[in-house]
Amino acid sequence: MPLDGLGGRALAIVNQKGGVGKTTTAVNLAAGLALEGRATLLIDLDPQANASSAFGVVAADRHIYDVLIGRHPLSQVARATEIDTLHLVPSGTDLVGIEIELANSENRERLLEAALAEAREHYEFTIIDCPPSLSILTLNALTASDSLLIPLQCEYYALEGLARLLETLERVRDRFNAELAIEGLLLTMVDSRNNLSRQVEAEVRSHFGDRVYQTRIPRNVRLSEAPSHGKPVALYDNASAGARAYAALTREILSRSVLRDPPLRPPQLESQRQAKSEATAGEASPAASQPEGADHGRYA
Ligand SMILES: Nc1ncnc2c1ncn2[C@@H]1O[C@H](COP(=O)(O)OP(=O)(O)OP(=O)(O)O)[C@@H](O)[C@H]1O
Ligand SMILES: [Mg+2]
């Protein structure tokens, strides 16, 4: 936990149901927080690696698997993005086998928590994109997080599986992380012209009250196009309804948070340090865009 109680909050984006908008939310919320000047770390914990490719990172040579098995510290796997306050820990297909590899290892639910312990101090927000399962990876995310954000696709089966997710939450609270809270439920892919969408929204709000964010994410084609351009929607089409909705969600979350003043600067990454020394040899690099004097030292 952060020493001064400020920042360092880790938020897991969880729903074992597939295709409900977890990755879209993780990517665009992380980008939104970073664009508000908050040092943010996005961790892709899904072997599908969709959050990585959403930033144009495909087949990363080092990724979250290396961190979980202790091969590399997080600071050597995190990389810079187009937004200088946002760092990304990508995922990769090696992660698929981790469930079996870890079957007999001790503390297998606490690997991410341990890996994050020091890094968390250097970011105000850590956003974790989870796979569509309640596997060991999701348990690691819940154990390492302060709270969870549950995207719910606004359709007939929106609440399906939610009971099992809440049971898992209780189990994690009992065994690994007593403080784990529900950050909020987020209605995604909302089509307010559609009757069913309106009924589902009313049902979710009557069940969960103010745990449901006021902000709703509409169905918006720009949100589904942005990843193929390797950009969060705010950098792809900031005027789109999708970008405006994620900006509103970001503000809603920030308005409920205790924030640092002035905001924390993200740590300088190993790769940026190397790029900088190469740049002094006359080579410019986009990874070296961190302002001078922003060196917070190694954190691994
Ligand atoms: N609000 C939206 N409007 C339109 N398309 C969306 C919206 N949110 C997500 N999508 C699209 O729906 C698909 C599923 O979204 P996403 O990948 O975010 O879900 P997920 O929960 O992460 O899926 P998985 O369970 O496979 O990890 C993607 O193609 C995405 O681009
Ligand atoms: Mg996903």
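**Notebook: ligand 1 and the strands beside its shell**

I began with ligand 1 and found that 19 residues surround it, the closest being Lys22, Thr23, Thr24, Pro132 and Ser224; a residue counts here if its C-beta atom, placed from the backbone, lies within 6 Å of the molecule. Helix H1 (22–35), strand E7 and helix H10 (221–225) are the elements that give two or more residues to this shell, where helices (H or I, at least four residues) and strands (E, at least two) are DSSP runs numbered from the N terminus. H1 gives the most, with three residues. Sorted by class, the shell around ligand 1 holds five nonpolar, eleven polar and three charged residues; Ala, Val, Leu, Ile, Met, Phe, Trp, Tyr, Cys and Pro count as nonpolar, Asp, Glu, Lys and Arg as charged, and the others, Gly among them, as polar.

I noted the conventions before going on. This is a predicted model, in which local features need pLDDT of at least 70 and side-chain atom pairs count only at pLDDT 80 or more, while totals for chains, interfaces and linings use all residues. Residues are numbered from 1 along each chain as its sequence is written, and chains are lettered from A and ligands numbered from 1 in the order in which they are written.

**Strand E7**

On one pairing, E7 runs parallel to strand E6 (residues 147–153) over seven bridges; two strands pair if DSSP finds at least two bridges between them. I looked up individual partners and found Leu148 bridged to Ile182 in E7, and Pro151 bridged to Leu186. E7 also pairs in the parallel sense with strand E8 (residues 212–218), over three bridges, and there Leu185 stands opposite Val212.

**Strand E6**

E6 is mostly covered, with six of its seven residues buried. Strand E1 (residues 9–13) pairs with E6 in the parallel sense over three bridges, and Ile13 stands opposite Leu149.

**Pro131**

I checked Pro131, which sits in the loop between strand E5 (125–129) and helix H7 (136–144). Pro131 is buried because 23 other C-beta atoms lie within 10 Å. Not counting residues up to four places away in sequence, Pro131 touches Leu45, Asp46, Pro47, Gln48, Leu137 and Thr138, a contact being two C-beta atoms, placed from the backbone, within 7 Å. Pro131 and Leu45 are 86 residues apart in sequence, yet 6.6 Å apart in space, C-alpha to C-alpha.

**Whole chain**

Last, I looked at the protein chain as a whole, which has 13 helices and eight strands. Buried residues make up 46% of its 300 residues, and residues 24 or more positions apart account for 78% of the contacts with a separation of 6 or more. The C-alpha trace spans about 60 × 50 × 35 Å along its principal axes.

Conventions. Buried ≥ 20, exposed ≤ 12 C-beta atoms within 10 Å, placed from the backbone.
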